[in-house]
Amino acid sequence: RAKALGGNTFCFFTAEMGEASRSRMLMQSALRHAIARNELQVYYQPRVHLKTFEVTGVEALLRWASPELGPVSPSEFIPLAEEIGLIDEIGDWVLRQATMQAQQWNVLFDKPLKISVNLSARQIRTRKLLASVAAALQDSGLPAQQLELELTESALMEDADVAAELLAALKALGLRLSVDDFGTGYSSLAYLCRFPLDSLKLDRSFLLQVQPDDIGRWKLAEAVINLAHTLGLSVVAEGVESAEHLAFLRTTSCDEIQGTCISEPLPRHLAEKLLQGVFASGSLSGISGTTR
Ligand code: C2E
Ligand code: MG
Ligand code: MG
Ligand code: MG
């Protein structure tokens with residue numbers, strides 16, 4: 001597989017090196033050039049109001065199509081980017097793409113959508129992020145209140161004091177902060193309250209666990225949503241795939257939903273097409289067969 005990288009890439013393999021570390025090295029060297037070679041792309045997944053299906057925003061999700069390795073999942077290359085010190089550069093690139101895109105859609109649709117950008121643990125360890133976010137907002141002209149930053153529980157917990165300080169500074173820019181994948185870590189909502197959060201994304205494992213005959217779990221999800229509301233957080237359910245998920249969520253006071261039952265993450269032009277259809281007809285009905 002080393003050959004696939006072409007003649008001008010130097011990889012030194014020794015016999016002792018396992019296949020795993022070999023492919024890691026390949027991925028590292030490929031990732032270092034991914035931005036410059038235009039291999040990264042931002043996809044957009046719409047999220048909608050649970051009751052009305054009104055599109056409220058889109059989440060920016062990074063995609064890497066490596067000519068050598070094929071498509072690589074962000075769950076794989078984001079941790080690697082953190083390890084090898086590329087995350088700030090990649091994160092800055094995503095922020096710029098996403099804010100510029102959202103501002104273009106502001107002009108095109110005259111309908112302010114929220115744009116959510118994911119941040120990883122390493123990105124909230126330095127003050128660099130603050131300058132990067134401020135510059136992305138300034139250069140794109142996107143109103144700060146349309147930008148939402150998503151942080152996972154574990155990223156927040158890792159060095160909570162540093163995170164709290166940085167989040168306060170970010171919040172002062174006027175943007176929104178959201179805790180992603182809630183329910184996968186061990187933090188309590190009460191603890192998360194020390195951060196200036198606006199919303200909470202219920203991890204899709206909540207829905208995987210939900211069985212129509214499992215009243216206990218249904219009640220748990222509902223209790224979490226109600227507690228979040230009491231704490232002033234709005235709630236987004238992620239990974240909403242099926243009519244069953246939707247039916248369950250409709251028995252709760254969840255605010256927004258996101259998932260393949262609405263739309264997969266889409267490349268820029270397809271996302272734009274979807275939004276165009278939505279804003280022309282006033283709803284998502286019939287656009288992607290979602291009126292379940
Ligand atoms: P996440 O922020 O929790 O994103 C949701 C993930 O669930 C995305 O995976 C999305 O494609 C997937 N998804 C959406 N709807 C459904 C559904 O109905 N069912 C199922 N099973 N999955 C669904 P993706 O795009 O592979 O991203 C994985 C993770 O990588 C993200 O999780 C996020 O933590 C991270 N990530 C993605 N883009 C970026 C980025 O630009 N920067 C950083 N730091 N992390 C990113
Ligand atoms: Mg997210
Ligand atoms: Mg999530
Ligand atoms: Mg998740």
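Helices (H or I, at least four residues) and strands (E, at least two) are DSSP runs that are numbered from the N terminus. The model shown here is predicted, so local features need pLDDT of at least 70 and side-chain atom pairs count only at pLDDT 80 or more, while totals for chains, interfaces and linings use all residues. Residues are numbered from 1 along each chain as its sequence is written, chains are lettered from A and ligands numbered from 1 in the order in which they are written, and side-chain values use heavy atoms, with hydrogens and water left out.

**View 1. The shell around ligand 1.**

**View 2. Polar contacts of ligand 1.** A polar contact is a pair of N or O atoms within 3.5 Å. A nitrogen atom of ligand 1 lies 3.0 Å from a polar side-chain atom of Q45, and a nitrogen atom of ligand 1 is also 3.0 Å from an N or O atom in the side chain of R204. On the side of E238, a polar side-chain atom lies 3.4 Å from an oxygen atom of the ligand. The protein covers 81% of the 790 Å² of accessible area that ligand 1 has on its own, an area that comes from the Shrake-Rupley method with a 1.4 Å probe.

**View 3. The magnesium ion (ligand 2).** This ion is coordinated by E59 (OE), N118 (OD1), E150 (OE) and D180 (OD), at 2.0 to 2.2 Å, where donors are N, O and S atoms within 2.8 Å of the metal (3.2 Å for Na, K and Ca), and sites may look incomplete, as water is not among the atoms. E59 lies in strand β2 (residues 55-66) and E150 in strand β5 (residues 147-152), so the pair ties together parts that are 91 residues apart in sequence. E59 counts as buried at 5% relative accessibility, and E150 is buried with a relative accessible area of 1%; buried means under 20%, exposed over 50%, and partly exposed in between (1.4 Å probe, protein chains only).

**View 4. The magnesium ions (ligands 3 and 4).** The protein donors of ligand 4 are D181 (OD) and E238 (OE), lying 2.2 Å from it. D181 is in strand β6 (residues 176-182), whereas E238 is in the loop between β8 (234-237) and α10 (243-249), 57 residues apart. Ligand 4 and ligand 3 are 3.0 Å apart, and D181 coordinates both.

Technical notes: A polar contact is a pair of N or O atoms within 3.5 Å; within protein, one must be able to donate a hydrogen and the other to accept it, and residues adjacent in sequence count only if both atoms are side-chain atoms.
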